[in-house]
Amino acid sequence: MGDYRRIADRIADDIASGRLKAGQRLPPQRAFARRRGIASSTAGRVYGELVRRGLVVGEVGRGTFVRAAPDGPTGQALVEPGAADAPVNLELSYPSAPGQPELLAPVLAPLLRPDVLAEALLPAAATGTGSAREAAAALLATPGWRPAPDRLLFTGNARQAIAAVLASLVRPGGRVGVEQLTYPLAKEIAARLGIILVPLAGDAAGLLPEAVAAAHRSAPLSALYVQPTLHNPTSLTTSRARLLQLAQLVHDLNLPVVEDRIWSFLHEPGDPLAAHAPALTHVVDGLSKRVAPGLTVGFLVVPPHRVGAVAGAVRSGGWSAGRFALEAAVRWAGEGTVARLVADKRADAARRQKILAEELAGFAVRSDPGAYFAWWELPAPWRADTFTGAAAAHGIAVTPGPAFAVAPGHTPDAVRLGIASAPEPDLRRALRTLAHVAARRAGDRTGP
């Protein structure tokens, strides 16, 4: 029982001596356990003890950080003591519209009839059901693009859809081009599949075609993974002209594309890259953001000649959607529930963006007026890690920029702010606190 306390004492000594600095992220518990030669459960106790002593803050699994030191090099506190308010998580991006449970519940009620439930509890194939394919095709359609239902496949969620497509396209050791900043779980998926991610430069219009071409010349790429609509974390949407250029390029190179459109429902309707390069583009989408993460479905639209290969990857990975979730999705889409939630969440995102603009006015914050997240390039001399730790000391979780960087050391000192999940009063309070924290050290603003 005392072993974990002795380990915690040594970590505490490292913090006190400055060997572990304010804002520094501790390793994940499993990595910590391996390095120390201890059980994972013991590592959990060590971290719990450090939290109890007030030496570290954060959520295990998302990041555990050393609390900001009481005295900085100038003799003044870098951050004030955290408020007693409940923690605010600005890492999460799971929007929930007001009245959402009440809207969803009536549609689920018919599924609970014994005769209907018996059918809904049967296994589902990667191809889903005919009604699911028709509903998904209608849901994903844009003004100039409507996927053919026979090109639809289903997974448990969009992350599994990404994994299935990449597993079907890229062998271990293969290279996949991605934006320089990309979805962190795509990085994890690639690592698990033994795929090498190649960072590609972009500009205000989107991914640069010449960067794709240069990387492919250097060593052939097996695929591209891109987020052209409301890119995570910057919320950039690729221009139509750039989409057309990219479509022509991938056609010339015969380069498959994985197009992640999970946030596209918040944006004004625009045709995907798949509309311009249908024979090469695999579209990934899902219901986790449109509806809810707890009962979701991942959608895949694949080129006709790729349906069998991707369906095989879904089956072998154990990534098939649940039949109950598929049946719920069909009803939610068919009865207009999804459309209602999309409208409500667009309005909700716009309100939250207004709060963001008001509370972080004057800072370098990049975001789309309809997005549920923002990219904050921090004022000097803040670094992403120390600011994340300072925010955590105030009970506010943010995502440091390096979490999105494909090439370590090539990311600006920035953090991503997820503004979807916190109640609006808590969001405003948290953003105001963060502005105050940033200004106290940067010295270029006056706190509230």
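Guide: Start in helix α13, residues 337–359. Arg340 and Asp344 both lie there, four residues apart, about one turn of the helix. Helices are DSSP runs of H or I with at least four residues; strands are E runs of at least two; numbering starts at the N terminus.

Visitor: What kind of model is this?

Guide: This is a predicted model: local features need pLDDT of at least 70, side-chain atom pairs count only at pLDDT 80 or more, and totals for chains, interfaces and linings use all residues. Residues are numbered from 1 along each chain as its sequence is written, and side-chain values use heavy atoms, without hydrogens or water.

Visitor: What makes the meeting of Arg340 and Asp344 a salt bridge?

Guide: The term needs a side-chain nitrogen of Lys or Arg within 4 Å of a carboxyl oxygen of Asp or Glu. Here the N to O distance is 3.3 Å. The pair therefore qualifies.

Visitor: Why is Arg340 called partly exposed?

Guide: Arg340 has a relative accessible area of 46%. Buried means under 20%, exposed means over 50%, and partly exposed lies in between (1.4 Å probe, protein chains only).

Visitor: Which other pair in α13 sits four residues apart?

Guide: Arg352 and Asp348, again about one turn of the helix. Their side chains meet in a salt bridge at 3.0 Å, N to O. Both residues are buried.

Visitor: How do Arg331 and Glu327 lie in helix α12?

Guide: They are four residues apart in α12 (residues 323–334), about one turn of the helix. Glu327 has a relative accessible area of 13%, so it is buried. Arg331, at 22%, is partly exposed.

Visitor: How many salt bridges does a search of the whole structure find?

Guide: The search finds 16. Some link up: Lys354, Glu358, Glu359, Arg428 and Arg432 form a network.

Visitor: How do you know where the domains run?

Guide: The bounds come from an automatic or database domain assignment. It gives domain 1 (2–66), domain 2 (76–93 + 339–444) and domain 3 (110–335).

Visitor: How many residues of domain 1 are in contact with domain 2?

Guide: Eight, meeting ten residues of domain 2. Contact means heavy atoms within 4.5 Å.

Visitor: What area do domain 1 and domain 2 bury between them?

Guide: About 680 Å², with 59% of it on carbon and sulfur atoms. Buried area is the accessible area (1.4 Å probe) that two parts lose on being put together, summed over both. No salt bridges are counted between these two domains. On the domain 1 side, β1 (56–59) and β2 (63–66) are the elements that give two or more residues. That side divides into four nonpolar, one polar and three charged residues. Nonpolar covers Ala, Val, Leu, Ile, Met, Phe, Trp, Tyr, Cys and Pro; charged covers Asp, Glu, Lys and Arg; the others, Gly among them, are polar.

Visitor: Why does Leu230 count as buried?

Guide: Leu230 has 1% relative accessibility, so it is buried. Its phi is positive, about 50°, although it is not a glycine. Leu230 is found in the loop between β9 and α10.

Visitor: Why is Asn254 called exposed?

Guide: Asn254 has a relative accessible area of 59%, so it is exposed. Asn254 also has a positive phi, about 55°, and is not a glycine. It is placed in the loop between α10 and β10 (257–260).

Visitor: Which peptide bond to Pro233 is cis?

Guide: The one from Asn232, with omega near 25°. Pro233 lies in the loop between β9 and α10. The bond from Ala380 to Pro381 is cis as well, with omega near 5°. Pro381 lies in the loop between β14 (373–377) and α14 (384–393).

Visitor: Which residues of helix α9 are buried?

Guide: In α9 (residues 209–218), they are Pro209, Ala211, Val212, Ala213, Ala215 and His216. Their cover includes β5 (175–179), β6 (196–200), β8 (206–207), β9 (223–226) and α10 (240–253).

Visitor: Why does Ala167 count as partly exposed?

Guide: Ala167 has 34% relative accessibility, so it is partly exposed. Ala167 sits in helix α7 (residues 158–169). Leaving aside neighbours within four places in sequence, Ala167 is in contact with Leu193 and Trp319.
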